[in-house]
Amino acid sequence: MRLSRYFLPVLKETPSEAQIVSHRLMLRAGMIKQSSAGIYSWLPLGFKVLRKIENIVHEEQVRAGHIPMQMPTLQSADLWKESGRYDAYGEEMLRITDRHDRDMLYTPTAEELITDIFRSNVSSYKDLPLTMYQIQWKFRDEIRPRFGVMRGREFYMKDGYNFDLSKEDALHAYNRHLVSYLRTYERMGLQAIPMRADGGPIGGDYTHEFLVLAETGESEVFYDSAVTDLSFGDREIDYDNVEQCQGVLEEFTTKYARTDETHDDALFGEVPEERRRTARGIEVGQIFYFGTKYSDALGAQVQTAEGEKVSVHMGSHGIGVSRLLGAIIEASHDDNGIIWPEGVTPFHAGIVNLKQGDAEADAACEALEKALEAAGLEPLYDDRKERAGGKFATMDLIGLPWRITVGPRGLKNGVVELTSRRSGESEELAPEAAVAKLIEIYADHRVTGL
Ligand code: 5CA
């Protein structure tokens, strides 16, 4: 992509309405524009990252054996009246009346609708287990939308739902989600710690929230610092293997880690004092097992092998896809701007031409652009006639992890400069070697965007 042809409305000034760094940087980097309170347009750069995050979520859900599908954003209120949540959900639910005076709503979550699809189509234990998910816009009329995409009114969420014959099977689904979420967040360069939480309006006794530690987080959390030493890494997982998934769950959830809703001072006191931590966190996902709450209410039953009719055991599992952009930036930035982890960066490398119009420099940049594209990478070539300082500042602000700087002086010696956004370190390399190095760096981070 040529920057001269792209739409990247970066702001020089720091927007005064933004209270936290991720919101400021998303506005300054031209990623989002507020349309009304808690509702945003996703400008090209922000949309690209959103798509990359979404694609990682899809890949990891499919890897875990979950089936993608899509449900509408506008739903009839009837099902919600049937489950009892139409009144219980309160003011956060955006209620709409259509021209025939029918009660509709903009979906804040989709337990009712998926359960209706299930009950209309599944009647035998032979069709279980089943887990389906979608990535879809949600609306919650938050009383105080704030912090940009962190607490929006309209937000993008992955919501998955499992249907199982027994509690035991449903708990395997719960564990499987926990494992797949650990993998998902790590691919985005994030450490998200599973913490014991509260079911809230979704309900259920078993629930974990995934929290990214950050000073600006809205949740107060209490944990044993040993949990921050854990990493999922690139271990192989067989998602059908009950013991293996259970093993990972125990490894990641036996140490004390709780949100304030479930915090227990006495239990926390048993953690060795030097490992006790109180901090703030951003909730980027939550998993629930709620038994037969919705299947009882909506009559979602199957026949067992013995011919008995039983309510299915269910759980639901969410990832805050749009919130993740804010969380990643909170966790990865410096004074100059964003520092994207390789897994989610909108472009893999920036190419900065120090002397636009110089025949040799232009040709070298174009060759680099072609070579990277041929290798399946997406470079962003700053081909504008601007001074070098301005180009560097833009690249730093938008946070591409790697920058190739091309100028007549280096080219005389046959080299360009490859710079890491994170460390600031540069090395001089032949252009082909710079391309080869980027191909190697991104070998483990192949996520397509748009
Ligand atoms: N039905 C369940 C699981 S699918 C559910 O709705 N869970 S939730 O309420 O915890 O939402 C899932 C995730 O969406 C949260 O962990 C959070 O990361 C994200 N989320 C929730 N509310 C907002 C909001 N107002 N703005 C941005 N993200 C949000």
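**Exercise 1.** How many residue pairs are in polar contact across the interface of domain 1 and domain 2?

*Solution.* Keep in mind that this is a predicted model. Begin by finding the two parts: the domain assignment of the protein chain places domain 1 at 3-337 and domain 2 at 347-444. Then turn to the interface of these domains, where the rule finds seven residue pairs in polar contact, both residues being at pLDDT 80 or more.

**Exercise 2.** Find which helices each supply at least two residues of the side of domain 1 that touches domain 2.

*Solution.* These are helix 1 (21-28) and helix 2 (44-63).

**Exercise 3.** Work out how many salt bridges the rule finds across the interface of domain 1 and domain 2.

*Solution.* The rule finds three salt bridges there. Now try a salt bridge for yourself: locate Asp334 and Arg421, whose closest N and O atoms are 2.8 Å apart. This distance meets the cut-off of within 4 Å, so the pair counts as a salt bridge.

**Exercise 4.** Describe the area buried between domain 1 and domain 2.

*Solution.* Start with the contacts: 15 residues of domain 1 touch 14 residues of domain 2. The buried area comes to about 1,300 Å², with 59% of it from carbon and sulfur atoms. In domain 1, Leu3, Lys48 and Asn336 lose the most area to domain 2, together 38% of what that side buries.

Key:
Residues numbered from 1 in each chain as written. Predicted model: local features only at pLDDT ≥ 70, side-chain atom pairs only at ≥ 80, totals over all residues. Heavy atoms only, no water. Domains from an automatic or database assignment. Contact = heavy atoms within 4.5 Å. Buried area = accessible area lost by both parts, 1.4 Å probe. Salt bridge = Lys/Arg side-chain N within 4 Å of Asp/Glu carboxyl O. Polar contact = N/O pair within 3.5 Å; in protein donor to acceptor, adjacent residues only side chain to side chain. Helix = DSSP H or I, 4+ residues; strand = E, 2+ residues; numbered from the N terminus.
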